[in-house]
Amino acid sequence: MHGRGNPDIDTPNLKPIVLTAEQVGQLLGISVRSVWRFSSAGELPGPFSIGRSKRWDLRTIEEFIRRKAAGQSIPADDLIDDDGYPDPAAGDDADADGSE
């Protein structure tokens, strides 16, 4: 089979869980070039590889947006764990008031 996807699977209601640079840019209202620049500078969570393709985890980008909207200044690397996957603890607000 050539081309993309499986024509036997109907997917109109599926929400993507991984995003391209173009999709990240659309979500953030920035250019693809800015996505790569901010990611390289550590201001935006970086992508992971699927083969030779680079993709961003939707949950990580959504958490990044949520924290930025709340006025939190956070390093993008805090949203991913040591293996490069979304950090499930990143969304915890238990210590947001400074207590541990």
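Predicted model: local features only at pLDDT ≥ 70, side-chain atom pairs only at ≥ 80, totals over all residues.

Numbering starts from 1 along each chain as its sequence is written, and side-chain values use heavy atoms, with hydrogens and water left out.

Now step back to helix α1, residues 21-28 (helices are DSSP runs of H or I, at least four residues; strands are E runs, at least two; both are numbered from the N terminus). Color Ala21, Val24 and Gly25, its buried residues (buried is under 20% relative accessible area, exposed over 50%, partly exposed in between, with a 1.4 Å probe and protein chains only).

Next, show the side chains of arginine 59 and aspartate 57, which form a salt bridge with the closest N and O atoms 3.3 Å apart (a side-chain nitrogen of Lys or Arg within 4 Å of a carboxyl oxygen of Asp or Glu). Arginine 59 is exposed at 57%, while aspartate 57 is buried at 12%.

Last stop: glutamate 63 in helix α3. Its side chain meets arginine 67 in a salt bridge at 2.9 Å, N to O, and arginine 66 in another at 2.7 Å. Shared partners join Glu63, Arg66 and Arg67 into one network. Glutamate 63 and arginine 67 are both buried, whereas arginine 66 is partly exposed at 34%.
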